[in-house]
Number of protein chains: 2
Amino acid sequence: MRYSQMLLPTTKETPSEAEVVSHQLLVRGGFIRKLTSGMYTYLPMGFLALQKVTEIVRQEMNRAGAQEILMPMVQPGDLWEESGRWKKYGPELLRFRDRHDRDYCLGPTHEEVVTDVARRELQSYRQLPINLYQIQTKFRDEIRPRFGLMRGREFVMKDAYSFDVDDAGASRSYEIMRQAYHRIFERCGLEFRAVEADSGAIGGSFSHEFMVLAETGEDTLVICESCSYAANVEKAAIALAEAAPSMEVLRELVKVETPGMKKVDKVAEFLKVEPAAVIKTLFYLADGVVVAALVRGDREVQSVKLKNLLGATDVEPLDEEQIWQQTRLPVGYLGPVGLELKMVADQEVMRMVNAVAGANEKGCHLTGVNPGRDFTPDVVGDLRQITVNDRCPVCGGGLRLKEGIEVGHIFKLGTKYSEAMKANFQDSDGQEKPFVMGCYGIGVSRVVAAAIEQNHDAKGIIFPVPLAPFQVIVLNLGPKDEGYCTAAEDLYTQLRAQGLDVLLDDRDERPGSKFADADLLGIPYRLTVGKTFEKEGKVEIRSRKTGETQVLSLEEATAYLAERVHLALS
Amino acid sequence: MRYSQMLLPTTKETPSEAEVVSHQLLVRGGFIRKLTSGMYTYLPMGFLALQKVTEIVRQEMNRAGAQEILMPMVQPGDLWEESGRWKKYGPELLRFRDRHDRDYCLGPTHEEVVTDVARRELQSYRQLPINLYQIQTKFRDEIRPRFGLMRGREFVMKDAYSFDVDDAGASRSYEIMRQAYHRIFERCGLEFRAVEADSGAIGGSFSHEFMVLAETGEDTLVICESCSYAANVEKAAIALAEAAPSMEVLRELVKVETPGMKKVDKVAEFLKVEPAAVIKTLFYLADGVVVAALVRGDREVQSVKLKNLLGATDVEPLDEEQIWQQTRLPVGYLGPVGLELKMVADQEVMRMVNAVAGANEKGCHLTGVNPGRDFTPDVVGDLRQITVNDRCPVCGGGLRLKEGIEVGHIFKLGTKYSEAMKANFQDSDGQEKPFVMGCYGIGVSRVVAAAIEQNHDAKGIIFPVPLAPFQVIVLNLGPKDEGYCTAAEDLYTQLRAQGLDVLLDDRDERPGSKFADADLLGIPYRLTVGKTFEKEGKVEIRSRKTGETQVLSLEEATAYLAERVHLALS
C-alpha cells in the first residue's frame with residue numbers, strides 16, 4: 001500500500017475522552033474513528049489489524065477441528081424466552097420489535113441460536129462431538145461504553161460452541177479449545193496467562209479466562225510464584241491453613257458505647273484489639289433481597305464469590321441511605337447478632353472467638369461475640385478477596401498480583417441450555433439425552449486493543465509482528481529524487497514479492513514527520529532510503545521494538561527483512 | 001474436510017415454503033437453515049460458499065484501489081435525520097432505541113455513516129479520489145421476506161463509496177467500479193449482463209445493475225440483438241419513431257354508451273377501433289396524492305418510469321374501491337377529459353388523433369378525443385413499459401427480453417448526500433465544495449443464490465468452479481476396505497497438496513446415496529474410488545456440469561484435476 005493513497009489520518013492530538021493508551025493510539029494512528037458512544041468505524045489500518053487477528057483465530061479454530069458457520073446477528077425473542085434469559089439478561093441486551101411487532105434482540109452471544117441449530121440438526125451420538133464457531137459483530141448495550149475497543153457496544157467476537165455426549169467428552173472438547181487458545185495467543189505474539197475464572201452470566205460450572213498482561217488491565221490476576229496456578233481474584237480460592245481449635249474461654253456478650261466509630265480501624269483501636277478481631281458486616285442487594293456478608297475486619301468481601309455462594313444472578317452493595325430505607329439499621333454499627341436477614345459468612349469468621357461486631361444500634365458495638373453461639377450464618381464459605389499475603393491454594397507457594405485484560409473466555413456449560421431448550425440427541429444406548437455443551441469466546445477487536453496496551457512506548461504502538469497491519473514501512477526521504485524513488489519502489493516490490501505486507505511512505509513530507517508516523521503506527525521494521533543511500537547506496541533498517549539498526553545494501557535488506565518477518569510468524 | 005465429521009445435513013424433502021430452486025437446494029444440501037422469517041444460519045457448507053464469493057469480491061476491490069474498512073451496523077438516527085432519510089425511508093428501516101432512549105437503526109446501507117467519515121477525515125482535494133468499502137451484514141425489514149437468500153432480511157453485502165472532486169472524477173471512479181464488477185462476476189463464473197437501471201431509493205443520477213441471467217429472475221431485462229445495449233425494463237427507454245403529423249380531421253367529442261365495457265379490448269371491439277386508438281387511464285397514489293397515468297390502450301404503464309417522471313418517492317396503483325373512495329369515479333370509464341387530477345401522459349398519447357377514452361361516467365366513453373384540444377397533461381414523457389416489438393433505442397436493432405437476478409448495483413450519487421450532510425473539501429482553487437459521490441453494492445449472499453438459480457439440474461446444484469465450497473469430492477465406496485481407504489486418503493492428501501479444496505466422503509453409506517449427495521451439493525468434480533479401482537487400480541472422475549467421465553490412474557487423476565481446477569480459477 002502507498003501511504004499517499006491510503007486513508008491514514010494520524011494526529012498529534014490525544015482525544016480528551018480517551019482514557020487508556022490503546023484508545024489514544026488507535027485514534028492518533030488513524031486506526032479507528034468514533035461514530036457514536038461505544039461504536040467505531042475501523043479505517044483501513046484498523047481493519048488490517050483486525051484481519052490479522054481474525055486470520056490467526058480462524059486458522060487455529062479450523063486446525064482444532066471446529067467448523068465455521070454464520071448465525072444471524074438479530075435473534076428472535078422467543079428463543080431467549082425458552083432459555084430463560086429474555087427476562088434474566090439485563091438492559092445490555094438490546095431488545096426491539098420488527099414491523100410485525102415481534103420481539104427480537106441484537107445478539108450479545110449466541111447460545112440460544114446455536115442450541116436451536118443443534119436440536120434440529122444433531123439427532124445422534126454418531127454426529128458428536130462437534131464444535132461450531134463464527135466470527136461476527138456482536139452488540140451489548142453497555143451503560144458506560146469506554147476505553148475505545150476495550151469496552152465498546154459493537155465489537156467483533158469469535159464464539160464457538162461444542163456439543164458432546166457426556167461430561168467426559170465435554171472435558172475433552174474443552175481441553176482441545178484450551179490448547180487452541182494457547183496457540184492463538186502465542187501466535188499473536190502476546191504475553192498472556194490462562195487463569196481460573198468465574199463463569200458469570202453465561203453460566204456453567206468451570207471456566208478459564210485468557211488474560212493479556214498489561215498494567216492497565218481491568219482485571220486482577222493472582223499468580224503463584226512456585227507452581228503454574230493462576231486465577232482471577234474474583235475466583236481465586238483461599239487456602240485456609242489448618243488451625244487447632246481456640247482454647248480461649250468464651251466471654252459474655254457486652255454492649256459498649258462506640259460513638260462515631262463507624263470504621264473497623266477506629267473501633268479496633270478504641271477497644272484495643274486487632275482489626276482481625278472485628279467482624280465486618282456489609283449489606284448487599286442479591287436479586288432484590290437484602291443479605292448480610294460477614295468477613296474479618298482486615299478482609300474485603302469479593303462480591304463475585306458472594307454472588308456464587310448465594311447462587312444469585314445480580315449482587316449490588318447497598319449504600320448508607322439504601323440500608324436505612326430498607327432495614328432502618330445504622331451503617332457503621334451493623335452486626336450479625338439478632339440480625340433477621342440472610343447471612344453469608346466467610347469461613348474465617350467461623351474461627352473467631354470473642355469478636356467485636358456492630359450492635360445494630362447507633363454508636364454501639366458488642367464484644368464477646370462468638371459465631372455459633374450468638375449467631376448462625378445461613379451460608380458459610382470462601383467469601384473474601386485473596387491478597388498477596390495469602391498462599392497458593394495448590395502448592396502453598398507465594399503469590400503475586402498482576403493486572404490483565406480478558407481477551408478470551410472458555411466455559412464448560414454443561415446442560416444448562418440444552419435442558420432448558422430441550423436439545424436432546426439419541427445416545428448409543430437408545431436414550432434421549434441433553435447435549436453437554438461448552439462455549440468459547442475471543443474478543444477479536446479487543447485483542448487489537450490489548451496488544452497495544454501491552455506493547456507501546458511514548459512514541460506510539462509497538463506491534464508484535466503477527467498482528468502488525470504492515471510488517472515493514474519503507475520511508476522514501478527523497479520523494480522528488482529519481483534515484484531515491486527507484487530504490488524505494490524496487491524495495492517495495494521486492495519485499496512484497498517475498499510475501500511481506502509493506503507500506504511505502506511516498507508522501508512529500510519532512511523526514512521528521514515520516515519517522516514520527518512510523519513510530520506511532522508501530523510497524524515492526526522501518527526501512528529508510530535516506531542519507532546513507534545517497535552516500536553509499538545503502539539503506540537503514542530499524543526495529544521498532546529494540547531500536548536496533550542495520551545499514552545494508554538493497555539486496556541484503558530484502559533478505560534480512562524476509563528472514564526476520566518469516567521467523568516471527570513461524 | 002471429511003464428510004463424516006462435517007455438519008452437512010442433506011435431506012430429500014423440499015421445504016414447503018421454498019418457492020425457488022436456490023432456496024430448495026440450499027436447504028436440501030444443508031447449506032443454510034432458517035432461524036426465523038428472512039434470517040438464515042449458514043451451516044459450514046453455506047459459509048464456505050459465502051467465503052468464496054467474499055474472497056473474489058475483496059481481491060477485485062483491492063485491485064481496483066478501493067480500501068477496506070468496517071463501519072458499525074448500528075447507526076445513530078441523527079445522521080439519518082441529516083440526510084433526510086430518517087422520515088423518507090419506509091418501515092424496511094428497522095428503528096429502535098438504546099437504553100438511554102436514543103434513536104438508532106440497523107444499517108440497510110451506509111451512505112450516512114461513510115459521508116460522516118468523509119466530512120471528518122477528508123479535508124483536501126489532495127486526498128481524493130478515494131473509494132472505501134466494507135463487507136458486512138446488513139438488515140432490511142422486508143414485509144414479506146422470501147426466496148431464501150434471494151430476499152432475506154439479514155444478508156451479507158459489499159458496499160463501496162467513492163468520493164471525487166468533480167463529476168468527471170466521479171465518472172472515472174464509476175468506470176473503475178464498472179470494470180471491477182465485470183471482473184468479479186466473470187471470475188465467479190456466472191453468465192451476467194450489466195444493464196442501465198433505475199436509481200431507486202438510493203438516489204443519484206445514473207446507475208447500472210449487474211444481473212445474473214436466470215429464468216427465475218425477478219427482474220426483466222431488455223437486450224439488443226445487434227448492439228451492446230441492455231437495460232432493466234424499469235428503465236429501458238422507448239425509441240419513438242419519427243412520424244409525420246397526422247392529416248386526419250379532428251372530430252367532435254361525442255359521448256357514447258358502452259355499458260359493461262370496462263376493458264380496452266371490449267370497448268375497441270364495440271366501437272370498431274384498434275386498442276391502440278383507446279387512451280388507457282390509470283390512477284396511482286404518488287406520495288399520498290392521486291395522479292392519473294395515460295398510455296395507449298395496447299401499452300402498459302411502467303410504474304418506475306411514472307415515479308421518476310413525477311419525482312416521487314413512492315408510487316402505488318389504486319384499486320377500484322380506493323379509486324371510488326378517493327375520487328367517486330368509476331373504474332373502467334376513467335378518462336382525461338375534464339379530469340381534475342395531476343395527469344402524466346406517455347409521449348405516444350400526444351400523437352393520438354380522434355381517440356377513445358372513458359367519460360368519467362359509469363357506462364360511458366368519449367370518441368373524438370384529441371390531446372391538446374380536449375385535455376392537457378401536466379407531464380409528458382416516456383411512461384410505458386418496453387416490449388419485444390420495440391426497437392433498440394441505441395441502434396434501432398431488435399430486442400429480446402431476459403429474466404435476471406440483480407446481484408450488483410452501481411450508482412452515480414452526485415452530491416445528494418454530501419450537500420445534505422454538508423460534507424465538503426477544499427478544492428485546488430481554495431473553494432469549499434461538496435464531494436461528488438458514487439456508491440457500489442454487491443449482494444454477496446445473493447450471489448450464492450443467483451449462481452444456483454442459473455446453474456442447477458433435477459439432481460441438484462452445479463457450482464461454477466470458482467464458487468464451489470469444494471472443487472472435488474472423493475467418494476470412497478469401500479470405507480471398510482483397507483485398500484480403498486488408503487487410496488482415498490492418499491488422493492485426498494495429494495489433491496489438497498495441490499491447493500484444491502476437497503471433501504472426502506468417508507461415510508459408511510450406500511454408493512447410491514453418496515452419488516446423490518455429490519450431485520445435490522454441486523461439487524464440480526467427483527472422483528470415485530469404486531469398482532474400477534478394485535479391478536484395475538484406477539479411479540473415475542466425473543464432471544458435474546458435462547457428465548463427462550474419465551478413468552485414470554491415481555497419479556493421473558491428481559494431475560488432471562489440479563490442471564482443470566486451476567484453469568477454471570485463472
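**Briefing: strands, cores and chain symmetry**

In strand E19 of chain B, the bridge partner of B:Ala357 is B:Leu366. This is a predicted model, in which local features need pLDDT of at least 70 and side-chain atom pairs count only at pLDDT 80 or more, while totals for chains, interfaces and linings use all residues. Residues are numbered from 1 along each chain as its sequence is written, and side-chain values use heavy atoms, with hydrogens and water left out.

- E19(B), residues 364-369, is joined to E18(B) by three bridges, and the two run antiparallel.
- Strands here are DSSP runs (E, at least two residues), and helices are runs of H or I with at least four residues, both numbered from the N terminus.
- Two strands pair if DSSP finds at least two bridges between them.
- The open sheet has three strands in the order E13-E19-E18, with antiparallel pairing.
- Its edge strands are E13 (254-257) and E18 (355-358), each of which pairs on one side only.

**Strand E17 of chain B**

- Strand E17(B) covers residues 342-346, and four of its five residues are buried, so the strand is largely enclosed by the rest of the structure.
- Buried means under 20% relative accessible area, exposed means over 50%, and partly exposed lies in between (1.4 Å probe, protein chains only).
- Four bridges link E17(B) to E15(B), residues 289-296, in parallel; B:Leu294 has B:Ala345 as its bridge partner.
- Three bridges link E17(B) to E20(B), residues 379-381, also in parallel; B:Asp346 has B:Gly381 as its bridge partner.

**Nonpolar cores**

- A nonpolar core is a set of buried Ala, Val, Leu, Ile, Met, Phe, Trp, Tyr and Cys residues joined through side-chain atoms within 4.5 Å.
- The largest core has 66 residues, and B:Tyr181, B:Phe185, B:Val447, B:Leu467 and B:Leu503 have the most contacts inside it.
- Helix H2 (residues 44-63) of chain B gives the largest share of this core, eight residues.
- Leaving aside neighbours within four places in sequence, B:Phe185 is in contact with residues including B:Leu190, B:Phe210 and B:Val447, where contact means heavy atoms within 4.5 Å.

**Relation of the two chains**

- A rotation of 180° with 0.0 Å of shift along its axis superposes chain A on chain B, with an RMSD of 0.1 Å; that is the relation of a two-fold axis.
- The superposition is by least squares on the C-alpha atoms of residues with pLDDT of at least 70 in both copies.
- A:Phe96 comes closest to the rotation axis among the residues of chain A, at 3.0 Å (C-alpha).

How values were computed:
Chains lettered and ligands numbered in written order.
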